[in-house]
Amino acid sequence: MAFISVFDVLGPNMIGPSSSHTAGAEIIAFLAQKMIAPPLKRADFTLYGSFAKTYHGHGTDRALLGGIMGFSADDTRIRDSFAIATDRGLGYSFTPNEVETDIHPNTVDIRMENAAGQVMTVRGESLGGGKVRIVRINGVEVDFTGEYNALIVVQKDKPGVVAHISKILSDRGVNIAFMRLFREGKGHTAYTIVESDERLPEGVDQLLLANPNINDVMVVQP
């Protein structure tokens with residue numbers, strides 16, 4: 001059976017006038033909220049480039065808010081994102097930044113805070129046609145599209161951690177499509193992103209956390 005990604009719902013089924021400004025924005029926020037434990041208490045969006053100029057008229061704000069609440073790109077509730085967020089007690093803000101110009105024209109920074117007080121920041125770029133790229137997580141530069149089922153492992157940059165990740169996945173028959181390591185600097189916080197074209201097994205995050213050098217594991221499945 002062919003793999004179906006979140007991007008396959010685009011085109012005539014998407015909510016909004018623009019694949020870049022609405023569907024792409026929604027997918028960035030949808031991926032971001034998968035990286036933090038629910039429920040969310042607040043989401044703040046900083047918009048750059050054309051996002052900053054047209055976010056209200058093109059419905060980028062509604063799409064971002066819908067995505068951060070877990071709505072898919074074809075969910076008609078996106079039209080009522082503001083009212084639904086208010087009903088849920090989700091605080092939010094949109095801040096256009098037209099000062100920084102050396103950046104992809106459809107870029108958004110998302111700062112999320114959940115009910116437990118955990119804070120996470122994610123930067124995403126909408127590339128057109130509903131394609132997106134996550135390029136920063138908590139200030140660390142990464143490269144992640146969300147087209148595959150993924151594990152995002154937050155770890156100390158220590159020997160043996162990547163081997164531990166590979167062994168756990170191999171023992172459970174996970175076929176790795178891509179595996180990349182991103183880090184702040186040698187010996188500091190690092191992110192290993194593993195992408196697979198099949199569903200990841202339940203409980204794999206807890207097995208990975210058995211390694212004392214792994215701080216957190218996020219499972220992002222379309």
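**Ground rules**

I am working on a predicted model, where local features need pLDDT of at least 70, side-chain atom pairs count only at pLDDT 80 or more, and totals for chains, interfaces and linings use all residues. Residues are numbered from 1 along each chain as its sequence is written, and side-chain values use heavy atoms, with hydrogens and water left out.

**First sheet**

I took helices (H or I, at least four residues) and strands (E, at least two) as DSSP runs numbered from the N terminus, and I called two strands paired if DSSP finds at least two bridges between them. On that basis I found an open sheet of 6 strands with mixed pairing, ordered β2-β1-β3-β4-β5-β6. Its edges are β2 (91-97) and β6 (140-144), each pairing on one side only. Ignoring direction, neighbouring strands here are turned by 20 degrees against each other on average; axes are lines fitted to C-alpha atoms, for helices over the stretch in contact, and angles run from 0 to 180 degrees between N-to-C directions.

I then zoomed in on β1 (residues 40-48), which runs parallel to β2 and is joined to it by 7 bridges. For R42 I noted G91 in β2 as the bridge partner.

**What sits on that sheet?**

Helix α3 (residues 60-68) packs there, touching β1, β2 and β3 (106-114). Contact means heavy atoms within 4.5 Å. The direction of α3 makes about 145 degrees with that of β1.

Why did I jot down α3 as largely enclosed by the rest of the structure? Because 8 of the 9 residues of α3 are buried, where buried means under 20% relative accessible area, exposed over 50% and partly exposed in between (1.4 Å probe, protein chains only). The buried residues of α3 include T60, D61, L64 and I68. After α3 comes G70, with a positive phi near 90 degrees.

**Cores**

Next I looked up the nonpolar cores, meaning sets of buried Ala, Val, Leu, Ile, Met, Phe, Trp, Tyr and Cys residues joined through side-chain atoms within 4.5 Å. The general background is that in soluble globular proteins, nonpolar side chains tend to be buried together. The largest core has 45 residues, and M35, F45, I68, I110, M112, I134 and I152 touch the most other members. Helix α1 (residues 19-33) gives the most to this core, with 6 residues.

I followed up on I152: leaving aside neighbours within four places in sequence, its contacts include M35, I137, F144, Y191 and V217. A second, separate core has 13 residues, among them L151, I165, V204 and L208.

β8 pairs with β9 (residues 189-196) over 7 bridges in the antiparallel sense, and R180 has I193 in β9 as bridge partner.

The end C-alpha atoms of residues 150-222 lie 9 Å apart, and the span is 22% helix and 41% strand.

**Salt bridges**

How many salt bridges are there? I get 11, counting a side-chain nitrogen of Lys or Arg within 4 Å of a carboxyl oxygen of Asp or Glu.

- R77 bridges to D75, with the closest N and O atoms 2.7 Å apart; R77 is partly exposed at 37%, while D75 is buried at 15%.
- E125 bridges to R133, with the closest N and O atoms 2.7 Å apart; E125 is buried at 10% and R133 partly exposed at 27%.
- K131 bridges to E147, with the closest N and O atoms 3.1 Å apart. K131 lies in β5 (residues 131-137) and E147 in the loop between β6 and β7 (149-156), so the pair ties together parts 16 residues apart in sequence.
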